Amino acid sequence: MSLPPLVEPVDALSSREQLRTARHQRLAALGSDGQRRIAASSVGVIGAGGLGAPVVLALAAAGVGTIVVFDDDDVELSNLQRQVIHRLQDVGRPKTDSVVRVAADLSETEVRVVTTRLTHENAAELISGVDLVLDGTDSFESREVVAAACERLAVPLVWGTVQEFAGLVTVFWSAPPRPAEAVRLHDLYPPGSEAPSCSAVGVFGPLCIQAGSMMASEALKLITGIGRPLLGRIAMIDALAGTVREAPLRASQATASAPPSPVEAVAEVDHPADGAVVIDVREAEEVARGMLPGARHLPLAALLESVDSTAAELAGSEVVVVCQVGARARRAAQALRGRGVNAVVLRGGMDGYERRRQPA
């Protein structure tokens, strides 16, 4: 089934991006609206290796607004067989350097780099703020850390893995819009699963490009609300046979008893009313550039972690939630409204607010 778009569109593309993405905009299902949603999106990419490399290429070429890449490794010579954003001269340098270079060579995509290793303690905080996450890591420990953070933040997780000549791609989401059902990593693999590493059994280089491209396609479909995402289905690639098959993927009995909360529409306002409590859910480096007068800073991850106590504190108040463009604010407002708080969203976030203040 199709799902509502994750991201509100920017008002307009730059003249260069308008021309550069012309072939996207001629697609009947995507068009100008879809391309402007892509330009407004913020996407987290976990790993700049075999899957992360083609993901970054495809997303930057597509014109994604911001890519936040998480990787703390350096390029090794053996990476170049499949990690297509790196070059011989990159050996010994951080993989994130290649991401920054490639994106700049392709589009106006902004790249943010996070070299802190993700753990169960810090992952949700570091990942918060993106509209969705693509995980191309190659260990179950890392996959479980990322999946747990995405479940906590209620953001979609586009997931892929490759080994030898086989690849898997799917979408996990702990709280999708109804009538879609939640599907999580542990519905596919039980906790504590293990698999041999690529260094032990090898991986077919072109397979990484194929699976990574499929992951990027899933991300763009979710951002724009087109097509049929792989939520509830898993694509199985057999590079030797030259086939892509699919199988249904449903919640296991262990998680089926915890259905997702519905994602409801949240009202938007052009400016906070007098007396309203304003909650800014952006990150510290964003609010350092300016906040609405009297706003309270509470990053999205912290708000979701303390939503019960925060809702109790805000009971009876008119609340306006603010982020940069609106996506994070809607997520926070939905969580607060689910606990009885009258929360609305500042239309278009700080970007929209600043545009409205400019003289016509």
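**Helix pair, sheet, salt bridge**

Helix H4 (residues 52-62) and helix H5 (residues 95-106) have axes that come within 8 Å and cross at roughly 30 degrees. Axes here are lines fitted to C-alpha atoms, for helices over the stretch in contact, with angles from 0 to 180 degrees between N-to-C directions. H4 is therefore roughly parallel to H5, a label for angles under 35 degrees. On the H4 side the contact (heavy atoms within 4.5 Å) uses Val56, Leu57, Ala60 and Ala61, and on the H5 side Val99, Val102, Ala103 and Leu106. Sorted by class, that contact has 8 nonpolar, no polar and no charged residues; Ala, Val and Leu are among those counted as nonpolar.

A word on the source. This is a predicted model, where local features need pLDDT of at least 70, side-chain atom pairs need 80 or more, and totals for chains, interfaces and linings use all residues. Numbering starts from 1 along each chain as its sequence is written, and side-chain values use heavy atoms, without hydrogens or water.

Next, the sheet. It is open, with 5 strands in the order S9-S13-S12-S10-S11 and parallel pairing. Strands (E, at least two residues) and helices (H or I, at least four) are DSSP runs numbered from the N terminus, and two strands pair if DSSP finds at least two bridges between them. Strand S9 (268-269) and strand S11 (296-297) are the edges, each pairing on one side only. Strand S10 (residues 277-280) is joined to strand S12 (residues 318-322) by 4 bridges.

Last, aspartate 33 and arginine 37 form a salt bridge, 2.7 Å from N to O; the cut-off is a Lys or Arg side-chain nitrogen within 4 Å of an Asp or Glu carboxyl oxygen. Because they are 4 residues apart in helix H3 (residues 31-40), about one helical turn separates aspartate 33 and arginine 37.

Note on methods:
Angles under 35 degrees count as roughly parallel, over 145 as roughly antiparallel, 65 to 115 as roughly perpendicular and the rest as oblique.
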